[in-house]
Amino acid sequence: TQAELQKLSEQGQVTKQDTFFQPGDPHLLSGQAMRDAGFVTHLADSRRALASALELPPGALTPDLTPEDGWKPLRIDLTGPIHKQSVNWVLTTLEEHKRRKDFNLLLLSLDTGGGDLNESQRLAEHLANLDDKIYTVAYVNREALSDAALVALVCDELVMHPDANLGGRGEGKNLRDGD
């Protein structure tokens, strides 16, 4: 405040005074402006770069995503070809659990060679449009080939077994020779 500034000045504790904002101006500073003013010591374009600059392990800057009431997981296994019936089953299962409000973490376990591109797109779009309070993780144990990769990649997080395969040719009925 102005009174605090006056008191610090009288005590000789103010060496320099800069005005960043005029009354009524929006209070917004860029990272570079904060660095120029001495408020910030590092600028980084990623968490990994920031961890490196601060000499921290990369995992130290991972945000805690745990909801206040803890994780309530739901696991859905999608195995075999992706087709209308399998996607309808997944969507019906999700809607039942959403009505009960009994999950906030969806673990989608995928082991599929893909199938119908349109159905994979329909499932991927549904997953992408889930409530922000539902965190999605795709786990690929063996494979999520062809169009199944869309489903895996739309999730908030993708975890794969070291020997698993993602994308490439699969069982997709919409593929033509040479695609």
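Ala148 touches Ile82, Leu110, Thr112, Gly114 and Ser120, once residues up to four places away in sequence are set aside; contact here means heavy atoms within 4.5 Å. This is a predicted model, in which local features need pLDDT of at least 70 and side-chain atom pairs count only at pLDDT 80 or more, while totals for chains, interfaces and linings use all residues. Residues are numbered from 1 along each chain as its sequence is written, and side-chain values use heavy atoms, with hydrogens and water left out.

Ala148 sits in helix H6, residues 148–154. Helices (H or I, at least four residues) and strands (E, at least two) are taken as DSSP runs and numbered from the N terminus. With a relative accessibility of 0%, Ala148 counts as buried; the cut-off for buried is under 20% relative accessible area, with exposed over 50% and partly exposed in between (1.4 Å probe, protein chains only). As for Ile82, 66 residues separate it from Ala148 in sequence, yet their C-alpha atoms are 7.4 Å apart in space.

Ser120 picks up the story from helix H5, residues 117–128. It counts as buried because its relative accessibility is 0%. Besides Ala148, the contacts of Ser120 take in Ile82, Asp147 and Val151, neighbours within four places in sequence being left out.

Next comes the strand pairing. Strands S3 (residues 135–144) and S4 (residues 157–160) run parallel and are joined by four bridges, where pairing takes at least two DSSP bridges between two strands. Tyr139 stands opposite Val159 in S4. From S3 the chain passes through H6 to reach S4, making a right-handed β-α-β crossover: with the strands pointing away from the viewer, the path from the first strand over the helix to the second runs clockwise.

Glu143 belongs to S3 and is buried, at a relative accessible area of 16%. Leu110 is 33 residues from Glu143 along the chain, with 7.0 Å between the C-alpha atoms.

Then there is the largest pocket, with a volume of about 260 Å³. A pocket is an open set of points on a 1 Å grid over the protein atoms alone, where a 1.4 Å probe fits, with protein on both sides within 12 Å along at least five of seven lines; lining residues have an atom within 4 Å of a point. Grid points are joined across faces, edges and corners, and the volume is the space filled by probe spheres set on them. Among the lining residues are Lys72, His97, Phe103 and Asp131.
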